[in-house]
Amino acid sequence: MSVTDLEPAVWPMTAARSAEGVLTLGGVDVRDLAAQFGTPSYVLDEVDFRSRCTAWRDAFSGADVYYAGKAFLCTTVARWVAEEGLSLDVCTGGELAVALAAGFPVERLLFHGNNKSVAELARAVDAGVGRIVIDSFEELVRLAAAAERAGVRQAVYLRVTPGVEAHTHEYVATGQEDQKFGFSLASGAAAEAVRRVLGLPALELVGLHCHIGSHIFDTRGFSLAAHRMVGLLGDIRDEHGVELPELDLGGGLGIAYTAADDPMPVKEVADGLRAIVERECAAASLAVPRLAVEPGRAIAGPTTVTLYEVGTVKDLPGLRTYVSIDGGMSDNIRTALYDARYTAVLASRRSTAEPRNVTLCGKHCESGDIVVHDVPLAADLAPGDLVAVPASGAYHRSMASNYNHVPRPPVVVVRDGSARVIVRRETEDDLLRLDIP
Ligand SMILES: *Cc1c(COP(=O)(O)O)cnc(C)c1O
């Protein structure tokens with residue numbers, strides 16, 4: 001079994017090459033997956049997903065680990081998350097609806113977002129969502145009204161912007177001051193929000209929340225955020241005589257998309273965060289709050305491989321080779337949106353041909369429709385070959401579109417040599433369903 005082209009940090013744990021050199025996922029030959037489910041397909045390794053959940057749960061024992069559903073959510077995944085003892089973070093009424101349809105324990109749900117509608121807030125309160133993260137002064141009033149109407153006291157966090165700039169792509173950096181999320185710490189807005197929420201009997205302020213960005217490798221950002229958040233907990237104790245019992249430090253840990261990425265092991269992140277919070281709390285004579293974290297990408301990202309079929313190979317002598325596959329920016333917008341880097345392999349056979357750098361592009365009517373830039377693939381790559389792109393589990397299916405009226409691919413779960421669909425492929429009927437002639 002040759003696994004030389006499957007970098008372990010990048011591929012799901014059950015990915016392997018068969019004796020004849022074919023990629024297998026969860027013990028299933030990708031040629032069988034393509035024959036049975038078509039291409040493109042997202043292939044999700046259940047064992048890998050569950051083991052990432054348990055790794056986070058164990059590393060953060062004594063804390064709440066909320067899987068960030070926006071990375072990828074469907075009812076099956078919500079059930080896995082519940083079964084593995086994690087909590088779930090949703091940020092829209094749609095994500096909440098999936099969680100409720102899955103029967104997710106409502107007290108383990110957290111609902112955040114910078115512009116939750118009145119209807120979304122009412123639905124969350126009525127459903128019994130465990131924690132709602134307040135993001136604005138308007139929302140304080142709206143949520144208090146919803147809780148009063150429902151006759152409940154709603155547990156809430158306040159989202160605080162700690163003024164930390166995580167070293168990440170600017171589109172996903174949310175910790176700095178100039179942004180739409182949360183209450184600014186530096187301007188005093190966060191302290192003012194605390195004053196107001198403490199004056200609203202329908203709301204029970206149980207903690208603070210922050211989220212400094214996404215796809216972060218450098219943990220200094222998390223450390224600085226933790227330091228400032230504990231500082232605010234101290235200020236709140238000094239001003240109001242209240243020690244808030246919980247502190248949610250958000251998500252954002254990066255993953256390996258290519259062998260060049262080197263994410264921190266979750267245990268190290270957990271121990272580091274805990275140590276900082278304990279030290280800062282000791283210095284401020286505060287009881288250590290119960291921690292919460294919200295990993296999305298770090299759980300879902302590495303679990304999934306997108307399987308494509310090669311349609312055309314266009315050689316532009318002296319320029320580059322364009323290999324077109326049967327999906328593209330509708331199933332992976334991250335390359336176009338964030339200039340994300342990926343790797344890819346020839347999946348359906350072994351080749352002894354020399355690799356050459358090609359551009360793996362999609363079938364959409366945009367020249368920016370590129371899935372992988374400059375990836376070395378066998379020079380004899382030909383129409384009909386299957387190509388696999390790993391690390392496609394987070395922000396792929398959840399950000400997929402119907403651009404060019406391309407039906408969105410299915411999500412196929414592999415485990416122990418068998419495969420099943422958990423989100424089916426869209427059909428042309430699905431595309432026409434909303435069309436009123
Ligand atoms: C997006 C988001 C997350 C998850 O981020 P990842 O980078 O996927 O870990 C967690 N919390 C909040 C508030 C978010 O907006």
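**Domains and strands**

Tutor: The C-alpha centres of domain 1 and domain 2 lie 37 Å apart. The model is predicted.

Student: What makes up each of the two domains?

Tutor: Domain 1 takes residues 16-45 + 302-432, and domain 2 takes 112-295. These bounds come from an automatic or database domain assignment.

Student: How many residues does each domain bring to the contact?

Tutor: Eight residues come from domain 1 and seven residues from domain 2. They count because their heavy atoms lie within 4.5 Å of the other side.

Student: What is the buried area between the domains, and why is it called buried?

Tutor: Domain 1 and domain 2 bury about 730 Å² between them. It is called buried because it is accessible area that the two parts lose on being put together, summed over both. Carbon and sulfur atoms hold 67% of it.

Student: How many salt bridges and polar contacts link the domains?

Tutor: Zero salt bridges. One residue pair is in polar contact, with both at pLDDT 80 or more.

Student: Now the strands. How do you know that β14 and β15 pair?

Tutor: Pairing needs at least two bridges. Strand β14 (residues 304-316) and strand β15 (residues 320-325) have six bridges, so they pair, in the antiparallel sense. In β15, S324 is the bridge partner of T312. Their hairpin has three residues between the strands, and G318 takes a positive phi near 80°.

Student: Which other strands does β14 join?

Tutor: Four bridges join β14 to strand β4 (residues 41-45), running antiparallel. There V43 is partnered by V305. Four bridges also join β14 to strand β19 (residues 386-389), again antiparallel. There T306 is partnered by V389.

Student: Why are β1 and β3 called edge strands?

Tutor: The open sheet has the order β1-β2-β3, with antiparallel pairing. Strands β1 (16-17) and β3 (28-29) each pair on one side only, and are its edge strands. Two bridges join strand β2 (residues 23-25) to β3. The bridge partner of T24 is D29.

Terms used:
Residues numbered from 1 in each chain as written. Predicted model: local features only at pLDDT ≥ 70, side-chain atom pairs only at ≥ 80, totals over all residues. Heavy atoms only, no water. Buried area = accessible area lost by both parts, 1.4 Å probe. Salt bridge = Lys/Arg side-chain N within 4 Å of Asp/Glu carboxyl O. Polar contact = N/O pair within 3.5 Å; in protein donor to acceptor, adjacent residues only side chain to side chain.
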